[in-house]
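Here is a short briefing on charged side chains. Keep the sequence and the structure side by side while reading.

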Amino acid sequence: MKINTDGVLLGTIADAESPYSILDIGTGTGVIALMLAQRFANARVDAVEIDNVAAKTATANFANSVFNDRLTVFPTDIQTFFDEHTDNKYDLIVSNPPFFINSLESPKAKKTLAKHTNADFFEELMKDITGHLSTNGTCWLVLPIQTAGLIKALAIENGMYLQKKISIRSFEHSEQHREIVCFSFEEVSTEISILTIYKAANIYTEEYKKLLQPYFIAF
């Protein structure tokens, strides 16, 4: 599981007011969790990952970081994690979840596990997030456009409101291909914006570089 644009954007954009507890659902090799530990110096970060190989890599990455005393990997699925930690509440919950609903499965099992799911998964996910989000907490997800509509509807069903929607596109004239969305229990007007990644082929926009400069030595 390589570092990807979706994950690093979520790691740098997801926000909460002085979070003490953070949950990263589907941490992969731990990149988002590490970014959040860097940003929020007083927060403990729980990272859940169902794939054992990825979870072991995340564990090693956490151990080698200066934030290792605030990071914990749980190598299990999110439903089992919540069942075993029924009282946990989080000020910030983030996830770069499986992408595709009822899609053709990819040839390799690990990619299938990481990228494919069905609507039932998201129904359970949003229900669980609602039950474990603190009163003033925020939930941030990065999603394909076709999945974002379902998630917004499920959030409303579970008593959450859309706070922010950031549409992601590759170039200024490209179609938007991802949305980063933020939910909370507070009913407010939704803030809507667009983020463009490239200003030309292989040349990042200044906005993108500014966002990721604290994490990427290349910037």
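Glu 206 and Lys 209 both sit in helix α8, which covers residues 206–212. They are three residues apart, so about one helical turn separates them. Their side chains form a salt bridge, with the closest N and O atoms 3.2 Å apart. The model is a predicted one.

- Side chains of opposite charge can pair when their charged atoms come close.
- Glu 206 and Lys 209 belong to a network of salt bridges that also includes Lys 199.
- Lys 209 has 27% relative accessibility, so Lys 209 counts as partly exposed.

**Salt bridges between separate parts of the chain**
- How many salt bridges are there by this rule? The count comes to five.
- One of them joins Asp 6 to Arg 178, and the closest N and O atoms are 2.8 Å apart.
- Asp 6 belongs to helix α1 (residues 5–13) and Arg 178 to strand β9 (residues 176–184), so this pair ties together parts 172 residues apart in sequence.
- Are Asp 6 and Arg 178 buried or exposed? Both are buried. That label is for residues under 20% relative accessible area.
- Arg 39 and Asp 15 also meet in a salt bridge, at 3.7 Å from N to O.
- This pair too links distant parts of the chain: Arg 39 is in helix α2 (residues 31–39), while Asp 15 is in the loop between α1 and β1 (21–25). The two residues are 24 apart.
- Arg 39 counts as partly exposed because its relative accessibility is 25%.
- Asp 15 has a relative accessible area of 35%, so Asp 15 is partly exposed as well.

**The negative patch**
- Which residues gather in a patch of negative charge on the surface? They are Asp 83, Glu 84, Asp 120, Glu 123, Glu 124 and Glu 157.
- Two elements, α4 (78–84) and α6 (119–132), each give two or more residues to the patch.
- Helix α6 supplies the largest share, with three residues.
- Glu 84 lies in helix α4.
- Why does Glu 84 count as exposed? Its relative accessibility is 57%, and the exposed label applies over 50%.

**Points to locate on the model**
- For a buried salt bridge, find Asp 6 and Arg 178.
- For a salt bridge within one helix, find Glu 206 and Lys 209 in α8.

Note on methods. Residues numbered from 1 in each chain as written. Predicted model: local features only at pLDDT ≥ 70, side-chain atom pairs only at ≥ 80, totals over all residues. Heavy atoms only, no water. Patch = residues over 30% accessible without salt bridge, like charges linked within 9 Å, V, L, I, M, F, W, Y side chains within 5 Å. Areas by Shrake-Rupley, 256 points an atom, 1.4 Å probe, with all protein chains shown as cover. Salt bridge = Lys/Arg side-chain N within 4 Å of Asp/Glu carboxyl O. Lys, Arg positive; Asp, Glu negative; His and termini not counted. Charge placed at Lys NZ, Arg CZ, Asp CG, Glu CD. Helix = DSSP H or I, 4+ residues; strand = E, 2+ residues; numbered from the N terminus. Buried < 20%, exposed > 50% of the residue type's maximum accessible area, 1.4 Å probe, protein only.
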